[in-house]
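Notebook open, structure loaded. I'm jotting down what I look up as I go.

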Amino acid sequence: MHGGIKDENTIDFSISVNTLVPDFIKIAFEDVLRYETRYTYVEWIEEDFKKLFGEDCTIVAGATEALQIIGWTIMKDACVLIPLPNYTEYAKIARFSSSQLKTVWILENGRLNLDRLTKHVKDELEKHKKIAVILGNPNNPTGIYEDLNCFLKDLQDYSEKIIVIVDEAFVDFVPDNFLRHIDLDKFENVIILRTFTKILGIPGVRIGYVKTKKYNHLFKKYRMLWAIGGSGYMVLEKIVENYHDYKKFIDKTKKYYEDERQKFSHLMAFPSKTNYLTCKIQNENTFRKLIKQKNIHVRFMKDFNMSGYIRLGLKSQKDNQLILHLLTNYLGKER
């Protein structure tokens, strides 16, 4: 459902992880058994980690563990509002303990209509004592990145009743000139989720962190003991030890995907700013048969309520050229 297949002989465009991996991580994995044969406590690395990533951080076993904690604590007895389209896991965790789940479609003319979201939030404020809004930025599946500061400012007068969870799982791919950071000193009702899974291209290692001024104690209290495991601890240690190289790697990654996205500009349904993009392919059955013949797998988007679209996680230049050629020919014939 979320992408990913077992067949290693198929080119898998359904997952959105970095095709690049930094050298210091590749070298570290040669010695991973040393980390996997002992208990590793996240507290051993957390203070050094905070010096680089901010004092308002709490390490978790990827955004997934953070979402699980949010589902049972932050969302308890709240009306949860999810703008669509969005990552489908949000609805699952919203059902853990919330009083109500509501959605609102905000994709409009190739943009995300945040004014519409604001209106719906204010409408729900009249009916509920507590509102939790959760959204991805960049948006999954479209790759659209928005400046959320105006949206947060419009709701600031109601910050005692509203909690906003912003999942920034793919933000490390966004070009610097588009980035608009959220000031957590100004917006204390905001929780930001970050993960290393996507940017480092290691989905098998579950590590990430939460940034929040007000709710850090909940994540420290409820995160699972040893959840990051030996591999996760090893990766965190190497990021801290090689922080300068890590930042250079992110810059390299941004440039790579910016160049690769440009090749697909005539096919992109929405202005993606990350390592994946969305294309409209019209007839899904015809396209499924075509890519099966070519040993290619993509993410179809019916569960996003976007039938007739696919999401492509960009890969190597060679693989990208293959799917680009296939799509160009297919869509040309279809028209």
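I started with K119 and D123, whose side chains meet in a salt bridge at 3.1 Å, N to O. My cut-off for a salt bridge is a side-chain nitrogen of Lys or Arg within 4 Å of a carboxyl oxygen of Asp or Glu. Both residues sit in helix 6 (residues 114-125), 4 residues apart, about one turn of the helix. For the record, helices (H or I, at least four residues) and strands (E, at least two) are DSSP runs, numbered from the N terminus. K119 is exposed at 51% relative accessible area, while D123 is partly exposed at 29%. On that scale buried is under 20% relative accessible area, exposed is over 50%, and partly exposed is in between (1.4 Å probe, protein chains only).

Housekeeping before I go on: this is a predicted model, so I note that local features need pLDDT of at least 70 and side-chain atom pairs count only at pLDDT 80 or more, whereas totals for chains, interfaces and linings use all residues. Residues are numbered from 1 along each chain as its sequence is written, and side-chain values use heavy atoms, with hydrogens and water left out.

I get 19 of them in the structure. Which partner does R223 meet at 2.9 Å, N to O? The side chain of E46. R223 is in the loop between helix 8 (216-222) and helix 9 (229-241) and E46 is in helix 3 (residues 43-53), so this pair ties together parts 177 residues apart in sequence. Buried or exposed? I find R223 buried at 13% relative accessibility and E46 buried at 4%. I also looked up D31 and R34, which form a salt bridge at 2.7 Å, N to O. Here D31 is partly exposed at 35%, and R34 is partly exposed at 43%.

Rings next. My search of the whole structure turns up 24 aromatic pairs. The rule is that rings of Phe, Tyr and Trp (its six-membered ring) pair if their centres lie within 6.5 Å; planes under 30 degrees apart are stacked, over 60 edge-to-face, and the rest tilted. Ring pairs link Y35, Y39, Y41, W44, W226 and Y233 into a cluster.

Then charges over rings, meaning NZ of Lys or CZ of Arg within 6 Å of the ring centre and within 35 degrees of the ring normal. K273 lies over the face of F178, 4.5 Å from the ring centre. R288 does this with F300, at 3.8 Å from the ring centre.

Backbone check. Most residues other than glycine have a negative phi, and most peptide bonds are trans. Where are the cis bonds I noted? One joins L84 and P85, with omega about 0 degrees, and P85 lies in the loop between strand 3 (79-84) and helix 5 (89-94). Another joins N137 and P138, omega about 5 degrees; P138 is in the loop between strand 7 (131-136) and helix 7 (149-154). Q282 has a positive phi near 65 degrees, sits in the loop between strand 11 and helix 11 (284-293), and is partly exposed at 47%. N295 has a positive phi near 55 degrees and is partly exposed at 42%.

I find 3 strands in an open sheet, order 11-14-13, with antiparallel pairing. Its edge strands are strand 11 (276-280) and strand 13 (299-300), each pairing on one side only. Pairing takes at least two DSSP bridges between two strands; strand 11 and strand 14 (residues 309-313) have 5.
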